[in-house]
Amino acid sequence: MEKISKISESEWEVMKIIWEHGPVTSDKIIALLADEVNWTQQTIKTFINRLLKKGVLGYKKEGRWYHYYPLISKEECIKEESEFFLERVFNGAVGTLVSNFLEEAHLSENEIEKLQMILQEKKKKDGNNLK
């Protein structure tokens with residue numbers, strides 16, 4: 001997969017609207033964000049333009065309206081952001097990330113069992129790949 005340009009927190013807010021409602025006009029994006037953030041119309045349009053330049057948004061012109069749609073899925077962005085965070089904060093060490101999280105998190109018995117199952121499946125899968 002081609003590397004996705006880093007998306008800022010503000011751009012994420014715009015993308016969440018587009019993933020949920022796209023294709024969508026800038027007016028609709030502005031209206032949907034009005035209750036969430038205190039940004040001007042121009043600020044939101046600036047974020048849309050940045051996302052277009054980063055290659056994560058596309059558009060289709062219909063009459064005088066531009067309908068924006070995502071060029072990448074939310075899952076792809078989450079994966080990319082997760083990898084970026086893991087590398088930046090934990091030097092790519094997944095074990096350190098998980099250990100750090102588990103030491104601080106309050107988990108139910110059910111959540112612990114689910115995590116154990118995931119780890120056992122991962123061990124089986126990776127163990128088979130090593131042979």
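**View 1. T25 and its contacts in the predicted model.** Leaving aside neighbours within four places in sequence, T25 is in contact with W65, Y66, H67 and Y68; contact here means heavy atoms within 4.5 Å. This is a predicted model, in which local features need pLDDT of at least 70 and side-chain atom pairs count only at pLDDT 80 or more, while totals for chains, interfaces and linings use all residues. Residues are numbered from 1 along each chain as its sequence is written, and side-chain values use heavy atoms, with hydrogens and water left out. T25 sits in the loop between helix 1 and helix 2; helices (H or I, at least four residues) and strands (E, at least two) are DSSP runs numbered from the N terminus. With a relative accessible area of 14%, T25 is buried, a label for values under 20%, whereas exposed means over 50% and partly exposed in between (1.4 Å probe, protein chains only). From T25 to K61 the C-alpha to C-alpha distance is 9.7 Å, although 36 residues separate the two in sequence.

View 2. Because its relative accessibility is 15%, S26 counts as buried. Beyond its neighbours within four places in sequence, S26 is in contact with K45, I48, Y66 and Y68.

**View 3. The largest nonpolar core.** A nonpolar core is a set of buried Ala, Val, Leu, Ile, Met, Phe, Trp, Tyr and Cys residues joined through side-chain atoms within 4.5 Å. The largest one has 20 residues, and V14, I18, I29, I48, L51 and L57 touch the most other members. Helix 1 (9-21), helix 2 (26-33) and helix 3 (41-54) each supply at least two residues of this core, with helix 1 giving the most, six residues. Take a look at L57: once its neighbours within four places in sequence are set aside, L57 is in contact with M15, I18, I48, L51, L52, Y68, Y69, P70 and L71.

**View 4. The largest pocket.** About 310 Å³ of space lies here, a volume being the space filled by probe spheres set on grid points joined across faces, edges and corners. On a 1 Å grid over the protein atoms alone, where a 1.4 Å probe fits, a pocket is an open set of points with protein on both sides within 12 Å along at least five of seven lines, and lining residues have an atom within 4 Å of a point. The lining includes S82, L86, F101, L115 and K122. Helix 4 (74-90), helix 5 (94-104) and helix 6 (109-130) are the elements that give two or more residues to the lining, and helix 5 provides the largest share, six residues. By class, nine lining residues are nonpolar, two polar and one charged; Ala, Val, Leu, Ile, Met, Phe, Trp, Tyr, Cys and Pro count as nonpolar, Asp, Glu, Lys and Arg as charged, and the others, Gly among them, as polar.

View 5. The whole structure holds seven salt bridges, each a side-chain nitrogen of Lys or Arg within 4 Å of a carboxyl oxygen of Asp or Glu. In one of them, E13 pairs with K16, the closest N and O atoms being 3.1 Å apart. These two are separated by about one helical turn because they are three residues apart in helix 1. In another, D126 pairs with K122 at 3.3 Å between the closest N and O atoms; both lie in helix 6, four residues apart.
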